[in-house]
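Hi,

Here is the structure I promised to pass on to you. Have a look at it first, and then read my notes below.

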Amino acid sequence: MESADAPKEEEAPKEEEAKPAPAEAVELEVWTTRRWDLSQGLGLEVKQEIEALVEGLTVKDLIPEGNRFTILIAAQAAGTSPDIGQVGVWQNQQVAAGGIVDSLEQYYAQSPVINKDDIWPSLRIDMDHKGQVWSMPFGPDVRFFYIHDNLYLDAGLDPENPPVTWTDLEDVISKSFKGGNTIEQVAWGPLWANRHVWMVPMWQLGGENINDERTKITLNTEEGREGMAWLKKVHDMQGGYDALQQFKGDENARAHFYASRLANLYDTGSIRFESIAKEAPDLAYHWGHWPKPADGVNRTYGGCHTWVLPVGATHKDVGWTFMEHFGVEDVNIRWAKHFDRLPIRVDTSYSEAYHGGDPFVIHQVDVMEGRRFVVSAPGANEMLGIMSGGVPDMLTGKTTIEEGLRNTEAQAQVVLDEWLARE
């Protein structure tokens, strides 16, 4: 038996437990804009949430100077693309056709967070190209038909009952327009904020600016001609296009509305907090749809911002993690409520968690169902000016409506055909 003081056998040294290798540091370069600043407020909060999802991740957010669309294209050509870019939803098909961005189809198919089929159909019209999705939308906006309560009451009109039809609006114009040789008050300047909204009446009548296959521009149609003719009537009832433009001058439409010189304003839902609360906090107003033809449907003009994955991006999977986070329902609701925009999903938009019973927000959701935008197709960027360039001549009678729409359609078709020939 061993003595108590016998030396113990030395224990073999234990192997040190293997430690996981530290995560590789990843810097994700994201190009954004001042509106969607990720360096402060909610933008910073969401960015930090994304960084916490991937160990070693740093999101480097930059706001490039100049046009975000042309800068992205130049960067891709030079091999200096960011990991995430940002373009308008109407530009999605052009950057897809031009080989500037990658399809996100495989990412959507595997995502546990966002199903592409849950996204608003009115957004998918613009996002999809050749059966695939090319972006992650965020921040959709739609236009409202705002009503100036005091000017309605002064004209013997009920601001709580907005005009529903074109005929109703014509009655509003006849009662609220004040002018003769000199205009004192305008009932409505439909194109004061944006000439592209001339297409709204065409959409209300069932027309579209391009066919379903995205191969033919469709402006010189019965719906296009009737819609433009009605817009001309609205202008002529108030002294004509030139007279309205002269009255507007260099001031924007909102300024005239706030100063009680404009009875109706067509503008985004987001101006409630961005503009009205700051510039006209005591303004009494109501809202409704753009009045429609008797047998027409509700349509409105609305945009959307989107994240895209450039072809030259270095960290594509991490880039998708960034974009996918904007599809998380809670994130999307917080983002939409903070910026007074809409969620990207239909069911989320109609949820109590988003609208909170606010009739203004609920109306914004209802308007979204009929949203349309400028032409979305390969070559959209080049077609943008063409689509509205001939409007003044048609509304002043310098050219007939049929001739004006035929020329506009033909010019836009040349651009579209050139793009289609490249694919």
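**A buried loop residue**

Leu309 has 0% relative accessibility and therefore counts as buried (buried means under 20% relative accessible area, exposed over 50%, partly exposed in between, with a 1.4 Å probe and protein chains only). Before going further: this is a predicted model, so local features need pLDDT of at least 70 and side-chain atom pairs count only at pLDDT 80 or more, while totals for chains, interfaces and linings use all residues. Residues are numbered from 1 along each chain as its sequence is written, and side-chain values use heavy atoms, with hydrogens and water left out.

Leu309 sits in the loop between β12 (305–308) and α13 (316–325); helices (H or I, at least four residues) and strands (E, at least two) are DSSP runs, numbered from the N terminus. Beyond its neighbours within four places in sequence, Leu309 is in contact with residues including Asp83, Ile84, Tyr107 and Met323, where contact means heavy atoms within 4.5 Å.

**The nonpolar cores**

Which residues touch the most other members of the largest nonpolar core? They are Trp198, Trp307 and Phe322, in a core of 112 residues. The largest share of this core, six residues, is from α20. A separate core has 11 residues, including Trp31 and Ile100. By a nonpolar core I mean a set of buried Ala, Val, Leu, Ile, Met, Phe, Trp, Tyr and Cys residues joined through side-chain atoms within 4.5 Å. Leaving out residues up to four places away in sequence, Phe322 touches Leu28, Val30, Leu38, Ile50, Val59, Ile84 and Trp307.

**Helix α20**

Helix α20 (residues 401–422) has 22 residues, which should span 32 Å at 1.5 Å a residue, and its end C-alpha atoms are 32 Å apart, which agrees. The expected span is 1.5 Å times one less than the number of residues. Among the buried residues of α20 are Ile401, Leu405, Leu416 and Trp419. Their cover includes α3 (92–97), α9 (222–236), α18 (380–389) and α19 (391–396).

**A four-stranded sheet**

There is also an open sheet with the order β8-β9-β7-β10 and mixed pairing; two strands pair if DSSP finds at least two bridges between them. β8 (186–188) and β10 (285–288) are at the edges with a single partner strand each, so one side of each has no neighbour in the sheet. β8 runs parallel to β9 (residues 262–268), joined by two bridges, and Val186 has Leu262 as its bridge partner in β9.

Best wishes
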